[in-house]
Amino acid sequence: MTEKAEAWNSALRHVINGAHLSTAGGLAELLDEAAAQVDVTAQLYVVDMGQQWLRSVRPEEGPSLRVDSTTAGRAFQRTEIIAVSGSPPCLWLPVLNGTERLGVVQFLLHGGRNPDDRSIREHCWELAGLLGHLLMSKLHYSDFLHVLRRTTPLSVASELLWQLLPPQTFACDQLTVTAVMEPYHSVGGDGYDYAVDNGRAYFSIFDATGHDLHAGLTTAIVLAATRNARRNGLGLLEAAELADQAVRQQAAEGLRAPFATAVLADLDLATGALRYVVAGHPPALLLRDGRMVKALRSAVHVPLGLGHLARTPRSLGREHLQAGDRILLHTDGVTEARDSRGEEFGVERLADLTERHEAAGLPPPETLRRVSRAVLDHQHGHLQDDATLLLLEWSRTAASTVLP
């Protein structure tokens with residue numbers, strides 16, 4: 001092992017060992033100490049919850065950077081490693097936990113080192129990856145990082161929901177799944193969920209009536225019930241029934257928001273066999289070869305919480321996916337968003353924007369970020385309803401788009 005490689009290994013060990021007793025606010029100092037061992041200067045930025053700003057973990061040392069108009073933002077958007085010439089030169093790298101985009105890190109390279117040197121890039125990438133894992137772990141017991149990521153205070157309902165949701169992006173060698181919710185600071189009744197285990201992917205989207213804490217509680221109950229069913233080995237129909245019973249119990253106890261719409265689905269990753277249940281929710285969209293093939297309308301049933309009013313029992317819808325197919329789930333706050341002239345955003349525009357951004361080579365999480373910005377722009381930045389999107393791509397090449 002070369003002396004330089006050993007120095008980088010020592011820097012990694014310093015971060016790993018120091019992180020055990022480090023607070024979230026102490027990560028910057030820990031990073032400084034490690035970077036000094038390899039003669040670089042590092043600056044870590046985390047993305048805000050609206051994914052518009054990259055905010056330094058040391059705010060006193062520099063302003064926030066815009067995601068849409070900076071080199072740092074490009075590294076974040078496209079999950080690319082970007083070299084910038086200068087004195088000294090630097091590298092911008094995305095900071096990921098798995099494939100969840102958490103921010104970026106800048107490494108200033110001293111000593112005349114070349115930012116295009118493969119070994120330098122590999123060492124920086126390893127340190128950036130370690131930072132991503134540490135950031136995610138510190139989020140569980142840090143207010144500092146949560147505050148740093150907020151450009152607008154969260155409502156109580158949003159505080160509740162964001163603590164329950166899985167990371168916004170996950171990928172493995174067979175699929176990617178990514179989600180976005182707006183307005184992030186005041187979302188009340190929307191939610192999403194997914195899990196990938198043992199060759200099967202489960203994914204879902206929810207929308208409770210109302211936009212307040214009562215709606216958030218209903219979504220939390222549906223989320224917990226469907227997870228409980230899944231983790232007890234029950235199928236989609238049983239999960240829907242358990243959630244229906246839980247929401248009805250909530251209503252019986254005198255609480256408002258007595259129902260929620262939902263799509264519950266699972267996918268066999270080996271065969272592409274898709275099964276789904278639609279409970280009063282806008283149907284999922286099947287996207288294939290650059291166009292929307294169909295809306296998955298089969299077996300549409302009453303919302304969760306209104307099962308006692310159903311005239312027929314719930315049944316499964318089925319579809320067989322082809323390699324490269326994408327499933328797009330959305331809440332009605334996306335397609336029914338109206339501009340000042342009363343024009344709806346619409347399903348066709350949603351599908352078209354999704355496909356155009358994908359065709360442009362953007363990673364799936366960046367595609368959804370841009371689509372959600374388009375929905376916000378359609379209503380001049382002020383949504384009248386929660387707007388949630390979840391995109392799943394079944395492909396053995398999908399993961400390559402979410403890593404440098």
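The crossing of helix 10 with helix 11 is right-handed (left-handed if the near helix is turned anticlockwise from the far one by less than a right angle, right-handed if clockwise). In this predicted model, local features need pLDDT of at least 70 and side-chain atom pairs count only at pLDDT 80 or more, whereas totals for chains, interfaces and linings use all residues. Residues are numbered from 1 along each chain as its sequence is written, and side-chain values use heavy atoms, with hydrogens and water left out. The axes of helix 10 (residues 347-359) and helix 11 (residues 364-378) come within 9 Å and cross at roughly 140°, which makes helix 10 oblique to helix 11. Helices (H or I, at least four residues) and strands (E, at least two) are DSSP runs numbered from the N terminus. Axes are lines fitted to C-alpha atoms, for helices over the stretch in contact, with angles from 0 to 180 degrees between N-to-C directions; under 35 degrees counts as roughly parallel, over 145 as roughly antiparallel, 65 to 115 as roughly perpendicular and the rest as oblique. Contact (heavy atoms within 4.5 Å) involves Leu-350 and Leu-353 of helix 10 and Val-371 and Ala-374 of helix 11, among others.

Helix 6 (156-164) and helix 7 (residues 213-231) have axes that come within 8 Å and cross at roughly 15°, so helix 6 is roughly parallel to helix 7. This crossing of helix 6 and helix 7 is left-handed. Residues that meet there include Leu-160 and Leu-164 in helix 6 and Leu-217 and Leu-223 in helix 7.

The largest pocket holds about 440 Å³ of space. On a 1 Å grid over the protein atoms alone, a cavity is a set of points where a 1.4 Å probe fits but cannot get out, and a pocket is an open set with protein on both sides within 12 Å along at least five of seven lines; lining residues have an atom within 4 Å of a point. Grid points are joined across faces, edges and corners, and a volume is the space filled by probe spheres set on the points. Of the 18 residues lining the largest pocket, Leu-139, His-146, Arg-149, Trp-162 and Leu-165 lie nearest its centre. Helix 6 contributes the largest share of this lining, three residues.

Three cavities of 30 Å³ or more are found in the whole structure. The largest cavity has a volume of about 110 Å³, and the second largest cavity about 60 Å³. Leu-139 and Arg-149 are among the residues that line the second largest cavity.
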